[in-house]
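Here is a short tour of a protein chain for you to follow alongside the structure. Please have a look at the fold before reading on.

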Amino acid sequence: MALLAVGMCTNAGAQEAAVGHDHGALTARYVAAVQQAILARWTRPASVVEGQRCRLEVRQLPGGAILSAQASADCEFDAAGRRSIETAVLKAQPLPYAGYEPVFSRYLILNFTARDPAP
């Protein structure tokens with residue numbers, strides 16, 4: 001099974017700075033929950049090699065229902081890889097929401113890096 005390293009940018013960053021440490025911890029838990037939800041549903045095609053990166057733009061509704069998931073133009077994954085990661089996001093819906101309302105964002109930028117699992 002292949003892994004992804006996921007980084008996430010949300011528009012909650014400014015709110016985070018204003019609210020402080022507790023908000024930052026909640027954001028970190030939200031990122032981890034979103035990551036786990038997607039990773040649990042992603043099967044890496046053989047054409048996606050370790051270290052390749054892909055930025056995915058996700059639009060969602062409150063509650064975690066996905067409106068769209070699209071790989072950006074600079075995604076290093078081939079067409080099969082792009083489809084696989086977009087499909088994984090759709091399969092992961094609803095994305096985590098309950099308990100994360102203060103840091104929820106309708107628009108997420110997910111930065112994926114393909115990684116092989118640790119032995």
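This report goes from the overall fold to the nonpolar core and then to one serine.

## Overall fold

Please keep in mind that this is a predicted model. The protein chain has three helices and four strands, and from the N terminus on they follow the order β-α-α-β-β-α-β.

Of its 119 residues, 40% count as buried. If you look at contacts between residues at least 6 apart in sequence, 78% join residues at least 24 apart.

## The nonpolar core

The largest nonpolar core holds 28 residues, and the members touching the most others are Ile 38, Leu 56, Val 58, Leu 95 and Leu 110. At least two residues of this core come from each of helix H2 (21-39), strand E2 (53-60), strand E3 (66-71), H3 and strand E4 (107-115). H2 gives the largest share, six residues.

Beyond its neighbours within four places in sequence, Leu 56 is in contact with residues including Ala 69, Ile 85, Val 89, Leu 110 and Phe 112.

## A look at Ser 84

Ser 84 sits in helix H3 (residues 79-91). Is Ser 84 buried or exposed? Ser 84 counts as buried because its relative accessibility is 16%, and buried means under 20%.

Setting aside residues up to four places away in sequence, Ser 84 touches Trp 42, Thr 43 and Pro 45. Arg 41 lies 43 residues from Ser 84 in sequence, with 9.4 Å between their C-alpha atoms.

Conventions:
Residues numbered from 1 in each chain as written. Predicted model: local features only at pLDDT ≥ 70, side-chain atom pairs only at ≥ 80, totals over all residues. Heavy atoms only, no water. Buried < 20%, exposed > 50% of the residue type's maximum accessible area, 1.4 Å probe, protein only. Contact = heavy atoms within 4.5 Å. Core = buried A, V, L, I, M, F, W, Y, C linked by side-chain atoms within 4.5 Å.
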